[in-house]
Amino acid sequence: MADTDLTDSRARMTGTVPPSKILTTEIPRYVEDYVSRLLAIPDTASAVADALDELGIGTAITATELKPVSEQARMCGPAVTLRYVPLGGDVTGNRESGRGTTFGDRDLYGLGRPGDVAVMDCSGSRSGAVMGALSARWAVKAQIGGCVVDGAIRDTGSILASGLPVWSATRHPAAARYRYETVQMNGPVSLCGHLVNPGDYVVADIDGVCVIPFFDVPRVVEHCENAHRTEVAFIDRIDAAATLEELVAGLTPGTAPA
């Protein structure tokens with residue numbers, strides 16, 4: 001792989017990840033502020049999941065598979081990505097041989113723009129935490145919109161205190177040091193077996209995580225906004241009915257929003 005040009009990002013990055021492991025420094029982006037439009041819709045992940053079902057696209061992942069650190073957290077933004085693979089051998093042997101000592105989270109945050117979502121793929125391993133207190137503080141300094149880790153995190157209390165929205169597969173007090181190596185930054189990754197490309201929109205709240213393919217974002221937003229207007233009108237109808245009998249009497253079977 002040819003070295004990637006980091007001219008525009010160098011001041012924000014530590015240089016820990018060699019350019020040969022960075023697939024691209026640029027991701028596709030929209031001028032339209034679709035993030036704010038999606039976050040204006042209550043229960044955002046559920047609304048997006050409905051749109052993905054109707055349009056036959058994207059991915060919805062349960063909050064059991066990817067758990068929010070805070071039940072109040074909400075997040076939406078384009079993905080920047082990082083992929084780790086677990087090292088063979090044991091921690092002692094890897095420590096003595098100097099393996100598994102460099103990680104890409106700080107450079108991922110530097111590569112991203114404010115509001116981007118950092119997505120980390122640990123190749124199915126849960127053997128050590130790839131994100132903790134210092135990583136969360138770095139992400140906040142970089143104005144990252146949040147993190148999704150298909151792997152382990154730690155220092156959960158400190159992550160909560162940072163205010164950074166984070167979802168993860170599990171928590172583990174052991175560090176990733178001597179257990180993982182960085183394979184690639186800003187390339188395709190997997191979240192619970194589902195493909196995520198840089199630039200795809202990641203939406204998350206207490207109900208789970210949704211991934212919207214980049215080119216489908218405009219029609220997902222439009223679908224969500226139309227569905228929300230229908231739902232608001234139906235809520236008004238529920239509230240205006242004096243009794244349940246009055247509400248039911250005015251309905252045509254099968255016409256109520258889900």
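C210 has a relative accessible area of 2%, so it counts as buried; buried means under 20% relative accessible area, exposed over 50%, and partly exposed in between (1.4 Å probe, protein chains only). The structure is a predicted model, in which local features need pLDDT of at least 70 and side-chain atom pairs count only at pLDDT 80 or more, while totals for chains, interfaces and linings use all residues. Residues are numbered from 1 along each chain as its sequence is written, and side-chain values use heavy atoms, with hydrogens and water left out.

**Exercise 1. The whole chain**

Task: State how many helices and strands the protein chain has, and what share of its residues is buried.

Solution. Step 1: The protein chain has eight helices and twelve strands. These are DSSP runs numbered from the N terminus (helices: H or I, at least four residues; strands: E, at least two).

Step 1: The protein chain has 258 residues, and 46% of them are buried.

Step 2: Along the principal axes, the C-alpha atoms fill a box of roughly 75 × 35 × 30 Å.

**Exercise 2. The cores**

Task: Name the residues that touch the most other members of the largest nonpolar core, and find what V166 touches.

Solution. Step 1: A nonpolar core is a set of buried Ala, Val, Leu, Ile, Met, Phe, Trp, Tyr and Cys residues joined through side-chain atoms within 4.5 Å.

Step 1: The largest such core has 30 residues, and Y109, V130, M131, V166 and M185 touch the most other members. At least two residues of this core come from each of several elements, including α4 (105–111), α5 (133–141) and β8 (180–185).

Step 2: There is also a second, separate core of 20 residues, with I41, C76, C210 and V220 among them.

Step 3: Return to V166. Leaving out residues up to four places away in sequence, V166 touches K67, P68, V69, M131, C147, I153 and I159.

**Exercise 3. Positive phi**

Task: Decide whether Q143 and N186 are buried or exposed.

Solution. Step 1: Q143 lies in the loop between α5 and β6. Its phi is near 65°, a positive value in a residue other than glycine.

Step 1: Q143 has a relative accessible area of 52%, so Q143 is exposed.

Step 2: N186 lies in the loop between β8 and β9 (189–191). N186 is not a glycine, and its phi is positive, about 60°.

Step 3: N186 has a relative accessible area of 2%, so N186 is buried.

**Exercise 4. Sequence and space**

Task: Find the C-alpha separation of S168 and V148, of S9 and R237, and of P253 and H172.

Solution. Step 1: S168 is in strand β7 (residues 166–171), and it is buried because its relative accessibility is 2%. S168 and V148 are 20 residues apart along the chain, with their C-alpha atoms 5.8 Å apart. Beyond its neighbours within four places in sequence, S168 is in contact with E65, L66, K67, V149, G151 and I153.

Step 1: S9 is in the segment before α1 (34–39) and is buried at 8% relative accessible area. From S9 to R237 the C-alpha distance is 52 Å, across 228 residues of sequence. Not counting residues up to four places away, S9 touches T25 and L111.

Step 2: P253 is in the segment after α8 (244–249) and is exposed, with a relative accessible area of 78%. P253 and H172 are 81 residues apart along the chain, and 50 Å separates their C-alpha atoms.

Technical notes: Contact means heavy atoms within 4.5 Å.
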